[in-house]
Amino acid sequence: MVVMATLSSAFDIISCYTISYFDSVPLWFNYFINISYLATYNLTAVIYLYYMYVVVMNGNVDMKRRALCVGLGAFEVFLLLPTAFTKFVIYFDENGNYCHGTGFYILYVIAIFILIAVLRLFLTYRSRLSKQQAYSIIFFNVATLASVIVQFFYPEILISNFVIAIFLVLVYLSLQNPDDYLDKHSGCYNSD
C-alpha cells in the first residue's frame with residue numbers, strides 16, 4: 001500500500017505540472033502520467049481490501065477473496081490502459097483540457113464497492129480487532145468516502161492522497177504497530 005500510495009502521489013503531482021503546461025508536454029506523456037496516477041490510486045484501494053482480508057483472517061485468505069481482489073485490479077487496469085485511444089475513462093480535448101469520459105465513473109463505483117466490502121468485512125469480523133484497529137478502519141472508510149465526494153464535486157482539490165497518507169500512518173500505529181508483538185515485561189517478541 002505504501003508503494004502504491006507513494007507512486008500515486010508522485011504521479012498526481014507530476015500530472016498537475018503536465019496538465020498545466022499542456023502545450024509543452026507531449027500528449028502521450030500526459031496520458032501516461034494521468035493513466036499511471038489513476039491506476040496506482042485505484043490499485044491502492046484494491047490492495048487495502050486485500051490487506052483487510054489478511055488482517056481479519058490471520059493471513060488465511062481464501063481463493064474466492066483473492067480472485068475478487070485480482071479481478072478488481074485487473075478490471076481497473078483493463079479500463080485504463082486503452083483510454084488514450086478510446087477516451088473512455090479520460091481524454092484531453094482540442095484545447096488541452098483534461099476531461100472525464102463516461103467510463104471514469106466506473107472507477108467511483110468500484111471505489112464504493114470496495115468501501116462497502118471493507119465495511120462488511122469489518123462488521124463481520126470486528127470481534128477479532130482491537131479498538132484501535134476498529135477506529136482506524138472506521139476512520140479510513142469515513143475519510144475516504146468524504147474525500148471521494150469532495151474530489152468528485154471539486155476535482156481541483158487534491159485531497160485523496162492526503163487522506164491515504166494519514167490512513168497509512170494509522171495503519172502503522174494501530175494495525176501494524178511493532179509494540180503489539182513485544183512482551184511488555186521482557187521486551188522480547190511474543191507468540192503473535
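**View 1. Lining of the second largest cavity in the predicted model.** M1, T44, Y48, F140, I164, F167 and L168 line this cavity (a cavity being a set of points, on a 1 Å grid over the protein atoms alone, where a 1.4 Å probe fits but cannot get out; lining residues have an atom within 4 Å of a point). Two or more of the lining residues come from each of α2 and α7, with α7 giving the most, 3 residues. Helices are DSSP runs of H or I with at least four residues, numbered from the N terminus. The volume is about 30 Å³, taken as the space filled by probe spheres set on the points. This is a predicted model, in which local features need pLDDT of at least 70, side-chain atom pairs count only at pLDDT 80 or more, and totals for chains, interfaces and linings use all residues. Residues are numbered from 1 along each chain as its sequence is written, and side-chain values use heavy atoms, without hydrogens and water.

**View 2. The largest cavity.** This cavity holds about 170 Å³ of space. Of its 16 lining residues, Y41, A45, A111, F140 and T144 lie nearest the centre. At least two lining residues are supplied by each of α2, α5, α6 (131-153) and α7 (160-175); the largest share, 5 residues, is that of α2.

**View 3. The buried face of helix α3.** C69, L72, G73, E76, L79 and L80 are the buried residues of α3 (under 20% relative accessible area with a 1.4 Å probe, protein chains only; exposed is over 50%). Because they fall within an arc of 130° seen down the axis, they line one face of the helix; the arc is that of the directions from the helix axis to the C-beta atoms. The face turned away carries the exposed residues M63, K64, V70 and F78.

Key: On a 1 Å grid over the protein atoms alone, a cavity is a set of points where a 1.4 Å probe fits but cannot get out, and a pocket is an open set with protein on both sides within 12 Å along at least five of seven lines; lining residues have an atom within 4 Å of a point.
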